[in-house]
Amino acid sequence: MNRPSIFSHPAVDFLLTYLKARVERVRSADDLSRGASAVEWVIISAVVVTVVGVVAVIINGALKGKATDVGNCISGTTDSKTC
């Protein structure tokens, strides 16, 4: 390495090597695509959660309507009248 001898310490060498590796990693195109991939996954997850939520609301509404119908039918029964 082309550094002055006053910085020749194993900890300093490790730190410089680590920082150079981090800088190279940030500059590489692979890390940029990894961030884009994370954004894509967030968008896909948001769409899936939205679709599941809409389906859940539709199913909940249908079940409540049918439950109300069954409740009204049961409350309207008598000895001579059934649902």
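Is Leu63 buried or exposed? I looked this up first, and Leu63 is exposed, because its relative accessible area is 56% (buried is under 20%, exposed over 50%, partly exposed in between, with a 1.4 Å probe and protein chains only). Leu63 sits in helix H2, residues 29-75.

A note on the model: it is predicted, so I kept local features to pLDDT of at least 70 and side-chain atom pairs to pLDDT 80 or more, while totals for chains, interfaces and linings use all residues. Residues are numbered from 1 along each chain as its sequence is written, and side-chain values use heavy atoms, leaving out hydrogens and water.

Next I checked the overall picture. I found two helices and zero strands (DSSP runs numbered from the N terminus, H or I of at least four residues for helices, E of at least two for strands). Of the 83 residues, 1% are buried. The accessible surface is about 7300 Å², with 69% belonging to carbon and sulfur atoms (Shrake-Rupley method, 1.4 Å probe; for residues, only the protein chains shown count as cover).

Then I turned to aromatics and found one pair. The rings of Phe14 and Tyr18 are stacked because their centres are 6.2 Å apart and their planes at 20 degrees (centres within 6.5 Å make a pair; planes under 30 degrees apart are stacked, over 60 edge-to-face, the rest tilted). Phe14 and Tyr18 are four residues apart in helix H1, residues 10-27, so about one helical turn separates them. Phe14 is exposed at 59% relative accessibility, and Tyr18 is partly exposed at 44%.

Technical notes
Rings of Phe, Tyr and Trp (its six-membered ring) pair if their centres lie within 6.5 Å; planes under 30 degrees apart count as stacked, over 60 as edge-to-face and the rest as tilted.
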